[in-house]
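The following note sets out my comments on the structure shown below.

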Amino acid sequence: MSAQPDHTNITPYAPPPGAPAELLAQLRADRRAERWVPAFEREWAAALEESRRTFSLNTLYEVVHVWQARLVSAPAVDAFVASGRDENGFVDMAELRGRRRR
């Protein structure tokens, strides 16, 4: 009998050590910096506290990955908004939730 677990946890891709600082610099340079920098800092602080509590870096990695994805997708979102496409066909989830409560 082995003391090894019968399953293997998948280790998330670990960003390089300087990734959070580089990401913060990119956020500060973005036109959305006024909103994005404080939001990133709040999420990073919460993830850091979670990491201290759990001795896991997963939450920190997740914050970096999510914000990297936001930065990468921002130009596509900007292009969509600038295109003037009609968004009226989309379902308003808040409205649907309100209807169910009635």
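**Comments on the predicted model**

1. The chain contains four helices and zero strands. In sequence order, its elements give the pattern α-α-α-α. The coordinates should be read as those of a predicted model.

2. Of the 102 residues in the chain, 22% are buried. The chain exposes about 8,300 Å², and carbon and sulfur atoms account for 55% of that area.

3. Contacts within the chain were also examined by sequence separation. Considering those between residues at least 6 apart in sequence, 55% join residues at least 24 apart.

4. Two packed helices are described by the angle between their axes and the distance between the axes. For helix 1 (residues 19-29) and helix 2 (residues 33-54), the axes come within 8 Å and cross at roughly 155 degrees. Since angles over 145 degrees count as roughly antiparallel, helix 1 and helix 2 are therefore roughly antiparallel to each other.

5. Helix 1 contributes Pro20, Leu23, Leu24, Leu27 and Arg28 to this contact, while helix 2 contributes Ala33, Trp36, Val37, Phe40, Glu41 and Trp44. Classified by type, the contact of helix 1 with helix 2 comprises nine nonpolar residues, two charged residues and no polar residues.

6. Confidence is highest in helix 2, at a mean of 96, and lowest in helix 4 (residues 93-101), at a mean of 65.

How values were computed
Residues are numbered from 1 along each chain as its sequence is written. This is a predicted model: local features need pLDDT of at least 70, side-chain atom pairs count only at pLDDT 80 or more; totals for chains, interfaces and linings use all residues. Side-chain values use heavy atoms; hydrogens and water are left out. Helices (H or I, at least four residues) and strands (E, at least two) are DSSP runs, numbered from the N terminus. Buried means under 20% relative accessible area, exposed over 50%, partly exposed in between (1.4 Å probe, protein chains only). Contact means heavy atoms within 4.5 Å. Accessible areas come from the Shrake-Rupley method with a 1.4 Å probe; for residues, only the protein chains shown count as cover. Axes are lines fitted to C-alpha atoms, for helices over the stretch in contact, and angles run from 0 to 180 degrees between N-to-C directions. Angles under 35 degrees count as roughly parallel, over 145 as roughly antiparallel, 65 to 115 as roughly perpendicular and the rest as oblique. Ala, Val, Leu, Ile, Met, Phe, Trp, Tyr, Cys and Pro count as nonpolar, Asp, Glu, Lys and Arg as charged, and the others, Gly among them, as polar. pLDDT is the predictor's confidence in each residue, from 0 to 100.
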